[in-house]
Amino acid sequence: MKSRLKSVGEHGSYIFRHNLKITELGKSGQIDEAIKVFQQMTHQNTVTHNSMISVYAKNGRISNARQLFDGMPHRNIVSWNSMIAAYLHNDMVEEARHLFDKMPARDLYSWTLMITCYTRNGKLAKAKDLFNLLPYKWNPVCWNALVAGYVKNRQFDEARRLFDAMPAKDLVSWNSMLSGYTRNGEMRLGLQFFEEMAERDVVSWNLMVDGFVEVSDLNSAWQFFEKIPNPNTVSWVTMLCGFARFGKIAEARRLFDQMPVRNVVAWNAMIAAYVQNCQVDEAIKTFMEMPEKNSISYTTVINGYVRMGKLDEARQLLNQMPYRNVAAQTAMISGYVQNKRMDDAREIFGQISTRDVVCWNTMIAGYAQCGRMDEALQLFKQMAKKDMVSWNTMITGYAQVGQMDAAIKIFEEMKEKNIVSWNSLISGLTQNGSYLDALKSFMLMGQEGHKPDQSTLACGLSACAHLAALQLGVQLHQLVMKSGYATDLFVSNALITMYAKCGSISSAELLFKDIDCFDVVSWNSLIAAYALNGNGREALKLFQKMEVEGVAPDEVTFVGILSACSHAGLINQGLKLFQSMVKAYKIGPLAEHYACMVDLLGRAGRLEEAFQLVREMKIKANAGIWGALLGACRIHGNLELAKFAAERLLELEPHKTSNYVLVSNMQAEMGRWDEVARVRRLMKERGAEKQPGWSWIELQNRVHAFLSEDPAQPRAVELCNLLRSLTAHMGNTAEMPLECF
């Protein structure tokens with residue numbers, strides 16, 4: 001009998017030890033090791049399966065968790081709850097509800113899980129409906145879950161009504177309500193509620209400290225920290241992180257040294273503080289002093305190395321990890337992505353057995369940033385679970401390489417869209433010259449109930465600027481005022497540019513004067529406005545004022561001011577500014593600056609100087625430079641230099657029709673018809689096709705576009721007849737004697 005009992009005890013101890021081992025490995029992200037322990041167990045019980053379901057779920061392997069659940073010989077209520085928790089952890093609401101409905105029996109935890117699943121995903125009405133079905137409402141646990149859901153979604157009044165109606169409240173109830181205020185920046189209400197609390201624990205105090213840190217009130221946070229009766233490690237770490245966030249690294253270290261007990265969380269917080277403040281050497285030193293390290297410790301230091309660009313050291317540390325987790329590997333991938341080393345990033349990505357959505361998104365973003373959209377799409381299609389970031393990254397990536405049809409296709413496939421999705425589309429359309437489509441998308445966004453933010457408004461204003469659609473621009477300006485973005489610098493600069501490109505320079509000046517705090521973009525916007533409207537001397541005055549006020553000009557400033565000098569014929573001033581840019585401001589000239597200077601000298605007929613400048617450039621001449629030189633040669637009749645510039649231009653842009661037309665017209669003006677024929681033959685051989693012309697007119701707050709030979713134009717016949725009539729009328733008018741006018 002004794003030997004039998006001993007055998008049962010040893011058997012139970014064996015299962016208990018292995019179950020605990022599985023749980024520990026899962027928590028540390030060692031999923032493959034956990035699977036190995038599970039598969040090698042000679043005896044398993046229901047707890048073993050439940051533990052393994054949780055391990056799979058927490059590491060993103062939800063299909064494995066469900067497969068194990070379905071194959072269990074015996075399930076208890078914990079098994080069902082574990083699987084629902086797995087769906088909750090992975091935001092799979094419908095799957096969780098389907099399983100909840102199939103449960104043979106439910107406990108209080110089952111109901112709490114399902115209510116939390118709804119509230120986490122913003123489905124508060126469904127959470128409330130489920131709460132109303134709750135058979136026993138005496139226990140505060142489910143009440144707390146619903147209160148937490150309301151406050152998380154900033155529905156404070158509803159949360160407070162529910163809180164006040166609770167039949168019994170515990171400390172969790174009070175802290176749930178308090179956390180809603182503190183985590184949403186409502187510290188006045190939070191402080192008022194804190195003072196109402198009949199009982200408080202260390203969690204209550206920690207919530208107040210964290211809340212004040214979040215609203216940048218470090219003094220109040222410190223005052224509350226000093227009053228905590230018995231601060232725990234979370235209290236110390238919260239205050240430490242607050243100091244670190246605001247660059248008070250010495251105070252953070254002093255607090256760390258004063259801690260009565262330092263666990264691995266405290267050490268990690270101190271390392272993160274150093275990394276956050278770019279003191280990576282100190283972070284590494286602290287890392288080496290740690291009595292014990294976990295995966296977060298390694299990941300934080302790897303991030304530090306990545307920030308410094310020390311990718312080899314980061315990779316070396318990754319290889320030294322006792323076990324690698326997806327966070328550390330993703331940090332390494334991010335480093336390679338930032339440095340355009342996509343093959344190295346892909347190698348690490350291939351080594352990860354369980355990838356989370358952040359890992360997938362990092363790789364996709366890397367390919368998108370490098371313009372490798374085929375590879376980005378391949379990974380995107382392989383993703384089992386995509387989030388909003390995945391879709392938005394693809395839209396942005398396609399927009400950056402000019403594939404707007406593909407971007408629109410991705411956008412239309414999205415089941416749910418957020419403001420970033422719309423901004424990515426509208427920005428992409430604007431950047432690729434589809435200004436009318438950008439404005440149409442802007443309007444459609446409003447019709448679908450999304451409010452524009454500063455990025456949307458800036459893109460809409462940019463589209464109006466390129467179309468010179470002043471009436472629509474004014475309407476957008478009114479929307480800016482109503483939306484509360486009138487003081488937003490990003491939007492103000494876009495407004496200045498819009499009014500300038502629409503020819504309303506006085507409105508641009510008024511906006512500039514109304515800005516309380518300028519940045520260099522504000523100055524650049526108005527300088528460019530003056531340049532665009534031929535007010536070269538006003539641009540010079542503004543540039544001088546900018547210098548007097550101590551604002552350092554950048555590359556864009558000089559493009560604007562040199563362009564202004566070119567258009568106004570201010571040759572000497574332009575030359576002096578170019579020299580000042582290089583010598584006084586130590587700004588290396590870009591192709592845009594050289595193009596302005598070539599245009600400046602070319603307009604003045606100083607073609608040899610312009611050509612000399614191009615030959616002495618330290619950068620390779622682009623199409624803009626050769627185009628400026630060719631245009632100047634045409635004006636001043638320098639055929640020999642024009643021929644040289646034309647050859648360079650056609651080499652750089654062999655498919656751009658306007659270049660061939662410019663060269664052909666120049667040859668025709670000189671009567672060189674053989675050359676005209678040669679250029680036209682060259683144009684055909686290289687497959688350059690003439691783009692159809694298009695024009696637009698703004699009428700009654702609408703932009704009407706007209707594309708040459710567009711069969712889709714609804715009034716094409718009527719328009720053509722009117723044009724013929726106008727052409728005939730102009731012909732007759734030209735023959736009238738002068739005294740008739």
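Are F225 and W236 buried or exposed? Both are buried, meaning under 20% relative accessible area with a 1.4 Å probe and protein chains only (over 50% is exposed, in between partly exposed).

1. Basis. This is a predicted model: local features need pLDDT of at least 70, side-chain atom pairs count only at pLDDT 80 or more, and totals for chains, interfaces and linings use all residues. Residues are numbered from 1 along each chain as its sequence is written, and side-chain values use heavy atoms, with hydrogens and water left out.

2. Aromatic pairs. The structure holds 26 of them. Rings of Phe, Tyr and Trp (its six-membered ring) pair if their centres lie within 6.5 Å; planes under 30 degrees apart are stacked, over 60 edge-to-face, the rest tilted. F212 sits in helix α13 (residues 202–214) and F224 in helix α14 (residues 218–227), 12 residues apart. Helices are DSSP runs (H or I, at least four residues), numbered from the N terminus. F212 and F224 are both buried.

3. The α14 to α15 link. F225 and W236 pair edge-to-face, at 5.3 Å centre to centre and 80 degrees between the planes. F225 lies in α14 and W236 in helix α15 (residues 233–245), so this pair ties together parts that are 11 residues apart in sequence.

4. Cluster. F156, F163, W174, Y181 and F193 form one aromatic cluster.

5. Charges over rings. The criterion is NZ of Lys or CZ of Arg within 6 Å of the ring centre and within 35 degrees of the ring normal. K417 lies over the face of F411, at 5.0 Å from the ring centre. R648 lies over the face of F644, at 4.5 Å.

6. Helix α7, geometry. Residues 108–120 make up this helix of 13 residues. From first C-alpha to last, α7 reaches 18 Å, close to the 18 Å expected at 1.5 Å a residue. The expected span is 1.5 Å times one less than the number of residues.

7. Helix α7, burial. α7 is mostly covered, with 11 of its 13 residues buried. Among them are W111, M114, C117 and Y118. The buried residues of α7 pack against α5 (77–89), α6 (93–102), α8 (124–132) and α9 (140–152); contact here means heavy atoms within 4.5 Å.

8. Helix α7, ends. At the start, a side-chain oxygen of D107 reaches to within 3.2 Å of the backbone nitrogen of Y109. Just after α7, G122 takes a positive phi of about 75 degrees.

Conventions. Helices (H or I, at least four residues) and strands (E, at least two) are DSSP runs, numbered from the N terminus. A polar contact is a pair of N or O atoms within 3.5 Å; within protein, one must be able to donate a hydrogen and the other to accept it, and residues adjacent in sequence count only if both atoms are side-chain atoms.
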